[in-house]
Amino acid sequence: MTDKFIGVPLDAQPQAFTSVLGPGVPYSGIAESARAVGGGIALGLLDELEAALRTGSISGPEYERQRNQLREQQKQFGQDMPIVKTGLEIGGSLIVPFGAAKQVARLAPEAQALVTGTTLGGQAARGAAIGTATGAASGYGFAEKDEGSAAAVGGVFGGLLGSSVPIVVDKFGTLIKNVLNSAGIGDQQTATSKMLASYLKKDNLTPTEAQQALDELRRIGVPNPVIADLGKSLQDLAYSAYVVQSKAKGGTQEFLESRMIDQPNDIVKGLVEKAGLAKNVNGFEYLEALTANQSRLASQSYPDAYSKAISATPFRQYVDRPVFQKAYEEAVKRAGVFGQTLPDLSAIRNAQSVPTDILHQIKIGLDRIVDAETDPLTKKMTGYGGDVVKVKNEFNDLIKLLNPEYKKANAEFADAERIKNAFKMGEDYQKLDPAEAASKIKKLNSDEKEAFRLGVMADVNSRLGSLKSGDFTRQIFKSNDQKLLLRNAFTDTVDSSGKVVKSAQDAYTDFSQYVKSLGQQSSTKQRVLGGSRTDENAAVREDANLLGSLATATATGDMLSMLRAGGTALLSRAKGISSETSEALQKRLFSVDPVEQTAILQELNRRAQRPKTGLLTGAAGVGSATGILGD
């Protein structure tokens with residue numbers, strides 16, 4: 001009779017593998033080795049399958065004779081060569097789990113998640129399920145008697161051991177990998193990617209979300225954003241990488257220090273842009289332009305208010321005062337700039353009525369006198385300037401009394417004094433009571449709010465010159481109340497058709513986010529460079545101790561001492577980072593190139609999407625082996 005599977009007579013008895021335990025059962029060593037592997041693949045059911053194929057039946061005397069003969073041959077093979085047989089069976093049992101694991105990559109994402117798990121607890125639970133199933137199956141298959149009991153025992157122990165595989169691999173495997181990594185052994189680039197992915201997760205960021213955050217920082221104009229700026233855990237990783245001696249250390253220090261040197265100027269430049277201001281944040285001309293714009297808008301909105309002639313009689317009391325004569329000279333100069341001509345001041349003394357616009361020009365001339373009496377740096381006004389303000393207000397009130405339309409225009413559009421008051425309030429924004437100031441700011445028109453923002457920037461700019469070191473962003477927002485105060489100073493941006501192209505809320509959000517992001521850059525520099533040198537010194541000592549221990553052991557020729565010294569030093573650095581990984585981490589965390597940043601995060605995304613089947617394959621293998629060893 002010939003063995004259909006192996007191609008040798010079933011009853012053959014080759015000399016090399018004849019039983020040594022006579023009388024024994026004759027068998028072919030090659031055939032039984034193949035059957036041991038096949039039994040592992042079939043989880044112990046190969047004898048039943050082979051007997052069924054030989055006899056064409058799954059029951060009956062002939063089937064049982066063939067099955068029992070096959071079992072006796074395997075049993076005899078196991079008695080003669082127990083280690084070989086068991087090893088071949090366990091090896092065969094692993095083929096099925098590995099094959100199944102490879103198919104996971106082809107599953108839908110939902111099925112992948114179900115099979116692979118994403119947490120250690122989930123993997124342990126799935127490991128228990130797979131271990132139970134394969135343990136029960138192999139226990140049943142390899143049992144010759146009382147299959148139900150063997151399956152139960154195999155299932156119980158397969159489940160227990162299968163659930164332990166992910167935990168053992170996670171804990172012990174991590175320890176081994178960390179020890180090797182700290183010694184610079186193994187795939188350092190992969191270690192770098194895994195560490196970066198882990199710390200992104202600690203900051204509740206996916207690689208995609210990190211990419212979006214970097215894109216947003218660039219959109220609002222934050223200079224040189226890097227991955228290390230995106231969260232506290234990433235800053236901690238950057239610090240851990242920096243304290244290890246590597247080629248990247250000097251470059252990292254230079255980058256962080258130079259970025260902070262440039263930061264104050266970057267802040268003013270960026271905030272001026274975010275605040276919707278012109279480049280000159282201290283210019284007198286800027287306020288003049290805002291005042292002129294208000295006057296133009298008032299004339300357009302209330303043309304009748306300025307063209308209307310009112311009685312000249314009440315104003316004759318002012319004509320002969322030197323301050324009004326000087327104010328009128330300023331008005332004539334201003335009118336000449338715009339190609340206009342004003343009548344002689346004596347015309348008001350003799351006329352019965354006077355156009356409102358001429359009186360308004362006199363008021364502008366008074367504003368210029370007040371400006372001349374105000375110190376441009378301290379903004380303090382002389383006593384004479386204060387007197388002129390009182391008379392100017394009295395003069396303006398008289399115009400409003402006689403011309404109600406002018407009164408409306410005056411209420412809606414700001415004059416020079418109101419523009420300057422708004423500017424002064426902005427300069428003093430850190431000294432204001434937030435609730436009271438917020439109420440006042442809400443009542444300002446758009447140009448007054450712009451003057452307020454201009455004042456804020458002038459204050460920031462003035463403090464820039466006196467800053468010695470430290471986080472300059474703290475000079476801008478000292479409290480949340482100040483942030484809310486500035487929120488009220490932003491207005492909608494509209495195009496020529498009147499369509500809102502950027503809302504006040506969006507403009508303020510960009511402004512505050514810009515400040516926050518630069519503050520985060522300051523925090524990154526402080527965390528990496530400004531901490532204690534204890535950790536850095538400890539890393540240097542560990543390297544020296546490792547080299548010293550190994551050098552001493554090598555010099556004495558004591559191999560056991562060398563292994564012990566090296567092992568102890570490496571285990572002490574199980575949480576450390578090698579010089580190679582340190583360099584790779586710093587290059588990734590502090591890259592400012594958008595293309596490089598995208599490539600780094602895309603690689604992390606691809607890594608995150610790979611199916612994690614290794615732990616569960618191990619669980620299945622342990623489950624199978626449980627049934628085999630139980631038999």
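Good morning. The model is predicted, so local features require pLDDT of at least 70 and side-chain atom pairs count only at pLDDT 80 or more, while totals for chains, interfaces and linings use all residues. Residues are numbered from 1 along each chain as its sequence is written, and side-chain values use heavy atoms, with hydrogens and water left out.

I begin with the overall picture. The protein has 29 helices and four strands; these are DSSP runs, numbered from the N terminus, with helices being H or I of at least four residues and strands being E of at least two. Of the 631 residues in the protein, 43% are buried. Buried means under 20% relative accessible area, exposed means over 50%, and partly exposed lies in between, with a 1.4 Å probe and protein chains only. The protein exposes about 32000 Å², and carbon and sulfur atoms supply 58% of that area; accessible areas come from the Shrake-Rupley method with a 1.4 Å probe, and for residues only the protein chains shown count as cover. Among contacts between residues at least 6 apart in sequence, 75% join residues at least 24 apart, where contact means heavy atoms within 4.5 Å.

I turn now to the salt bridges. A search of the whole structure finds 22 of them, each being a side-chain nitrogen of Lys or Arg within 4 Å of a carboxyl oxygen of Asp or Glu. Lys363 pairs with Asp415, the closest N and O atoms being 3.4 Å apart. Lys363 lies in helix H17 (residues 356-372) and Asp415 in the loop between H19 and H20, so this pair ties together parts that are 52 residues apart in sequence. Lys363 is buried at a relative accessible area of 0%, and Asp415 is buried at 15%.

Asp367 forms a salt bridge with Lys392, with the closest N and O atoms 2.9 Å apart. Asp367 belongs to helix H17 and Lys392 to helix H18 (residues 383-402), so the pair ties together parts 25 residues apart in sequence. Both Asp367 and Lys392 are buried. Lys392 also forms a salt bridge with Asp415, at 3.9 Å between the closest N and O atoms. Salt bridges that share partners join Lys363, Asp367, Lys392, Asp415 and Glu417 into one network.

What, then, of Lys449, and how far away is the nearest side chain of opposite charge? Lys449 is found in helix H22 (residues 446-464). Lys449 is buried yet has no salt bridge, and Asp492, the nearest side chain of opposite charge, is 8.8 Å away. Leaving aside residues up to four places away in sequence, Lys449 touches Ile441, Lys442, Leu444, Asn488, Ala489, Phe490 and Thr491.

The aromatic residues come next. The structure holds seven aromatic pairs. Rings of Phe, Tyr and Trp (its six-membered ring) pair if their centres lie within 6.5 Å; planes under 30 degrees apart count as stacked, over 60 as edge-to-face and the rest as tilted. The rings of Tyr302 and Phe413 have centres 6.4 Å apart and planes at 75°, so this pair is edge-to-face. Tyr302 lies in the loop between helix H12 (284-301) and helix H13 (303-307), and Phe413 in the loop between helix H19 (404-412) and helix H20 (416-427), so the pair ties together parts 111 residues apart in sequence. Tyr302 is buried at a relative accessible area of 15%, and Phe413 at 11%.

Tyr318 and Phe324 form a tilted pair, 4.8 Å centre to centre with 35° between the planes. Tyr318 is buried at 2% and Phe324 at 3%. Phe315, Tyr318, Phe324 and Phe395 form one aromatic cluster.

Helix H10 (residues 232-242) is mostly covered, with nine of its 11 residues buried. Tyr239 and Tyr242 are among the buried residues of H10. Arg527 lies over the face of Tyr239, 4.2 Å from the ring centre, and the charged end of Lys249 sits over the ring of Tyr242, 3.8 Å from its centre. A charge sits over a ring if NZ of Lys or CZ of Arg is within 6 Å of the ring centre and within 35 degrees of the ring normal.

Asp320 counts as partly exposed because its relative accessibility is 49%. Not counting residues up to four places away in sequence, Asp320 touches Gln325 and Arg349.

How values were computed:
Lys and Arg count as positive and Asp and Glu as negative; His and the chain ends are not counted.
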